[in-house]
Amino acid sequence: MMERRIFGVETEFGIRYIPRGLGPLAPEEAARKLFKPVVDSWRSTNIFLPNGGRLYLDVGSHPEYATAETATLRDLLAHDKAGEYLFNDLVNQAQDNLEAEGFDGRIFLFKNNVDSAGNSFGSHENYMLERKVEFSRLVRSLIPFLITRQIMVGAGKTHPSGPPEWSGRPLGPQNEPSFSFSQRADHIWEGSSTATTRARPLINTRDEPHADASLYRRLHVINGDSNMSQATTMLKVGATDLVLRMLEDYYPLADFEIRDAATALRVISHDLTGSARFSLADGSERSAVEMQRHYHAAACQYVEAKGPHHEDVPYILDLWDRALTAIETGDSSGIDTEIDWAIKKKLLDAYISRGASGYDDPKIQQLDLAYHDIDPDRGIYNVLNRKGLIKTVISESEIDRAAIEPPATRARIRGSFISAARAAGEPFTVDWVHLKLNSRPQLSVMCKDPFAVENAEVASLIEELQQKKSTVWAPPFI
Ligand SMILES: Nc1ncnc2c1ncn2[C@@H]1O[C@H](COP(=O)(O)OP(=O)(O)OP(=O)(O)O)[C@@H](O)[C@H]1O
Ligand SMILES: [Mg+2]
């Protein structure tokens, strides 16, 4: 079993330009405006940053941030939030440019998973595994956990005309505005696959480890919601890591193979009692709460036997328990400063009790979206945080630092190389594993160990670069 694991999160953001008097701007155009400073400074819309992360704009209009590879959950949380801060800087620059060009509207970036046209975009979690663990067994056993964990870690979503139909069957009372645990559950089609977009599975099994392929694999989980709350991200990744550890260790877990993943995902998301039943492959039926209670009890026993493998394990187990209790009792007051869906639902329900007509009220719809606005002053999650209504795990200064400094993994080698090459004005090319100066193509360095924090070849390249440094002016990073 892996004593330490590498984690990374990729987040696609939703972009919108809302005009005042003058005309609209399509999302593609808004995204181009957003990336203008990046293109000006780096001549590309696909860059690796000095903090080791990756910022890019693929085809389409969803700006994406991939955190550097991190070896602790706290580093992961800091780097995930740093992505929001970096993009917010770009939004502010784009806003100034737009005003200078005579546009009168505003650009919004949302860390959510569904746009107003109903298209879904993702948040992908990456977990490094040892190659020697049998991958197909692990994937098979992990999928039931991934299908049911949304009741704790979903970001919450309103449905103004009630739950959608699925396979000709209503998922709840029709035309009755409703709230679901997850944003993403309605958009996942199957268990595992090598394609991320067409069939949209829970796990992408494409074999691209970004590491020594004889030793490692990278598990690519794509069914999670993007989370605003650090505590929710901590539970999402921390509980998944615990289940992976049990599976890697052959710790006995019930065989919960689910007959129809896409249906179960939807049934679970739209049932706030957590008690709706769905079929397993063996013909029996279970509810999401029953299954998560099993995983939680097993994790508690496992940790009791082996000891916690990091400082936040007790908090993760406790929050996991409180989230399940909240669903069992219908009282989410024990988690409504930590779990995204509960934080959001509390806010919306308060507006409804003060006169909003229900989950279909335009004001409620607007708040649901604004919860995910990354703007520190305007975004509703950020406003609640400022008012002391959110429990955070890491500090603002840790996030500020993560926007600039790589975590203590291979990202540190990449980040220092990028900083040195930029300062020296030397063109370079990097990816997760490789790095080189374009002027020395024969000297491409390969870092196959994601845990390595230094590399002698890179150190000597950096030393050379530093001798050049003083003569060249380096533009800002973004
Ligand atoms: N060895 C590793 N094990 C697990 N995760 C890793 C490893 N190396 C890098 N990562 C993480 O994997 C993610 C890769 O992000 P990236 O957006 O480049 O994804 P991809 O799946 O390779 O490609 P794409 O999104 O273009 O399909 C990053 O968050 C990074 O931190
Ligand atoms: Mg990606």
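Colleague: Where is the place of L437?

Modeller: In this predicted model, where local features need pLDDT of at least 70, side-chain atom pairs count only at pLDDT 80 or more, and totals for chains, interfaces and linings use all residues, L437 is placed in strand β18, a strand being a DSSP run of E with at least two residues and a helix a run of H or I with at least four, both numbered from the N terminus. Residues are numbered from 1 along each chain as its sequence is written, while chains are lettered from A and ligands numbered from 1 in the order in which they are written.

Colleague: Is L437 buried or exposed?

Modeller: L437 counts as buried, because it has 20 C-beta neighbours inside 10 Å; the rule is that 20 or more other C-beta atoms within 10 Å make a residue buried, 12 or fewer make it exposed, and anything in between is partly exposed, with C-beta atoms placed from the backbone.

Colleague: And what is L437 in contact with?

Modeller: Leaving aside neighbours within four places in sequence, L437 is in contact with A421, E426, F428 and L461, where contact means that the two C-beta atoms, placed from the backbone, lie within 7 Å.

Colleague: Which strands form the sheet with β18?

Modeller: The open sheet has three strands in the order β17-β18-β19, with antiparallel pairing, and strands count as paired if DSSP finds at least two bridges between them. Since β17 (428-430) and β19 (445-446) stand at the edges with a single partner strand each, one side of each is left without a neighbour in the sheet. Helix α14 (residues 410-424) packs on the sheet and touches β17 and β18, its direction making about 165° with that of β17, an angle taken on a scale from 0 to 180 degrees between N-to-C directions, with axes fitted to C-alpha atoms and, for helices, over the stretch in contact.

Colleague: How many bridges join β18 to β19?

Modeller: Two bridges join β18, which covers residues 434-437, to β19, and L435 stands opposite V445 of β19.

Colleague: Changing topic, which residues does the UniProt "binding site" annotation cover?

Modeller: The unreviewed UniProt entry gives E10, Y56 and E64, in the numbering used here and with shortened feature names, though such annotations may be inferred rather than shown by experiment. They span 55 residues in sequence, yet no two of their C-alpha atoms are more than 10.6 Å apart, so they gather at one spot.

Colleague: Where do E10 and E64 sit?

Modeller: E10 is in strand β1 (residues 7-12) and counts as buried, with 21 C-beta neighbours inside 10 Å. E64 lies in strand β5 (residues 63-66) and is likewise buried, with 21 such neighbours inside 10 Å. Apart from neighbours within four places in sequence, the contacts of E64 include E10, Y56 and D58.

Colleague: What does UniProt list for D58?

Modeller: The unreviewed entry lists D58 as "active site"; D58 is in the loop between β4 (54-57) and β5, and is exposed, with 12 other C-beta atoms within 10 Å.

Colleague: Which residues come nearest to ligand 1?

Modeller: Of the 20 residues around ligand 1, G8, A66, N126, M128 and H210 come nearest, a residue being counted if its C-beta atom, placed from the backbone, lies within 6 Å of the molecule. The elements giving two or more residues to this shell are β1, β7 (123-130) and β14 (216-224).
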